[in-house]
Amino acid sequence: MLLLNGRMIEAACRLCKTVPTVALQRCSAVTLPRTRPNPDEFVTPAVPEARGRLRKQDSKINIVVNRMNIDDWGHMKSSGLINDYLQLSKSRLTMLITTTAVGGYMMAPGEFVLSTFAACAVGTALMSSSANACNHLLESPYDAQMKRTQARVLVVHRFTPLHAFTFANVSALGGMALLWTACNPITAALGLLNVGLYAGVYTPMKRHHIGCTWAGAVVGAIPPLMGYTAVTGTLDPAAFVLAAVLYSWQFPHFNGLSWNLRGDYSRAGYRVMCVTNEDLCRRTTLRHSIALLGLCSIAAPLCDLTTSTFAWDSLPLNAVMLYLSFKFYRQPDAKTSRNLFRFSLLYLPLVMVLMVISNCGRNPAEKHGFTSAELPGGKVPVYVA
């Protein structure tokens with residue numbers, strides 16, 4: 001069709017001994033492919049008699065039509081398989097999730113074992129990659145309607161759905177096998193539970209119920225538990241306090257991000273707080289910022305997750321988070337939500353680092369009722385009732 005239109009324009013120009021009008025040129029520029037010249041292209045020069053009419057314009061107008069098969073327009077070449085796999089697994093989100101699992105490992109009472117640590121990090125990354133690939137599969141029709149996600153790999157057909165489905169399954173099975181054999185069954189079960197919650201509950205729930213944000217917060221709270229259980233093989237109050245910090249952090253983080261994307265979420269039919277209940281979005285942001293202050297300054301030292309110094313060291317971070325959340329609550333706009341979101345990205349790694357620093361030099365194994373026992377695979381801490 002495009003080639004036919006190009007030939008018609010050329011024939012009309014030669015017959016009338018004129019050049020195309022500006023409007024026609026603009027129309028043609030939109031419809032014709034913009035590619036580099038090649039031997040299969042033809043160029044229609046401007047007719048000499050018409051040059052006087054274009055004194056204020058270029059003296060020559062070229063109409064370029066590339067002779068190509070119409071099927072080539074639907075063919076998209078990959079920019080690199082590894083890069084596409086990273087996009088399919090949402091590499092930055094996966095890295096953040098893996099970091100929280102590593103933080104949970106470092107906070108757990110017990111000995112540091114490099115093999116277990118590496119297995120926990122790699123296994124968590126594989127499970128996260130699987131969950132994110134499932135998210136791509138389920139949401140690709142709606143991702144195409146949002147500016148933020150319209151260039152995702154399944155939307156632009158860099159992967160077939162079968163390819164993405166295979167990647168998700170291989171990643172999940174590999175991650176679960178690694179966590180089961182190198183860590184323990186509890187860690188593997190938590191990883192599988194997280195994939196199920198993210199792909200089977202949170203993702204479809206986004207289009208049906210406002211509770212999806214709470215379900216997503218639970219998903220974000222599980223990775224540090226995986227790191228904790230990779231060391232201890234069990235869960236205790238300190239582990240749940242650590243998970244609660246990640247749970248409460250999700251609300252100022254996601255609400256700050258989603259506020260400026262309300263139009264996109266609404267077009268795609270997502271029932272998130274910023275779309276269906278803006279007041280609730282503001283209130284939950286403030287509430288969980290207050291909860292973070294209480295968790296870090298009161299609950300963490302009381303459960304012996306950290307020392308009392310962490311309560312004071314984390315106070316400035318929580319004060320800034322509370323201040324930005326209050327500004328967002330009082331005046332929700334693009335600036336306050338953006339500032340809140342950006343600080344939330346800085347808040348989480350700094351809090352995790354402060355937690356680890358507060359535990360330096362401690363030997364909390366005895367305080368938590370742990371001892372070391374020689375089991376197959378090396379020395380691991382075992383809980384003593």
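Predicted model: local features only at pLDDT ≥ 70, side-chain atom pairs only at ≥ 80, totals over all residues.

User: How many helices and strands does the protein have?
Analyst: There are 15 helices and four strands. Those are DSSP runs numbered from the N terminus: helices are H or I with at least four residues, strands are E with at least two.

User: And what share of the residues is buried?
Analyst: Buried residues are 45% of the 385 in the protein. Buried means under 20% relative accessible area, exposed means over 50%, and partly exposed is in between (1.4 Å probe, protein chains only).

User: OK, cores. Which residues have the most contacts inside the largest nonpolar core?
Analyst: Tyr 265, Leu 305, Tyr 347 and Met 355, in a core of 65 residues. Domain 1 (79-234) and domain 2 (236-361) both contribute residues, so this core lies between them. Another core, of ten residues, lies apart from it and includes Leu 88, Val 153, Ala 164 and Phe 167.

User: What counts as a nonpolar core, and where do the domain bounds come from?
Analyst: A nonpolar core is a set of buried Ala, Val, Leu, Ile, Met, Phe, Trp, Tyr and Cys residues joined through side-chain atoms within 4.5 Å. The domain bounds come from an automatic or database domain assignment.

User: Let's stay with Met 355. Where is it, and what does it touch?
Analyst: Met 355 is in helix α15 and counts as buried because its relative accessible area is 0%. Leaving out neighbours within four places in sequence, Met 355 contacts Met 107, Leu 242, Val 245, Leu 305, Thr 306 and Phe 310. Its C-alpha is also 8.7 Å from that of Ser 314, 41 residues apart along the chain.

User: Which other residue of α15 (residues 334-358) can we look at?
Analyst: Thr 336 is in that helix. At 8% relative accessibility, Thr 336 is buried. A polar atom of the Thr 336 side chain lies 2.9 Å from the backbone oxygen of Gln 331. With neighbours within four places set aside, Thr 336 is in contact with Lys 327, Phe 328 and Gln 331.

User: Switching topic: which transmembrane regions does UniProt list?
Analyst: The unreviewed UniProt entry lists residues 186-205, 212-231, 237-257, 290-312 and 340-357 under "transmembrane region". UniProt positions are given in the numbering used here, feature names are shortened, and annotations may be inferred rather than shown by experiment.

User: How much helix is there in 237-257, and in 290-312?
Analyst: Residues 237-257 are 100% helix and 0% strand, with the end C-alpha atoms 31 Å apart. Residues 290-312 are 78% helix and 0% strand, and there the end C-alpha atoms are 15 Å apart.

User: Where does Asp 236 sit?
Analyst: In the loop between α8 (212-232) and α9 (237-259). Asp 236 is buried at 11% relative accessibility, and a polar atom of its side chain lies 3.0 Å from the backbone nitrogen of Ala 239.

User: What's the phi of Lys 90, and of His 157?
Analyst: Lys 90 has phi near 50°, a positive value in a residue other than glycine, and His 157, also not a glycine, has a positive phi of about 65°.

User: Buried or exposed, those two?
Analyst: Lys 90, in the loop between α3 (81-88) and α4 (91-107), is buried with a relative accessible area of 16%. His 157, in the loop between α5 (114-143) and α6 (161-182), is exposed at 58%.

Notes:
Residues numbered from 1 in each chain as written. Heavy atoms only, no water. Contact = heavy atoms within 4.5 Å. Polar contact = N/O pair within 3.5 Å; in protein donor to acceptor, adjacent residues only side chain to side chain.
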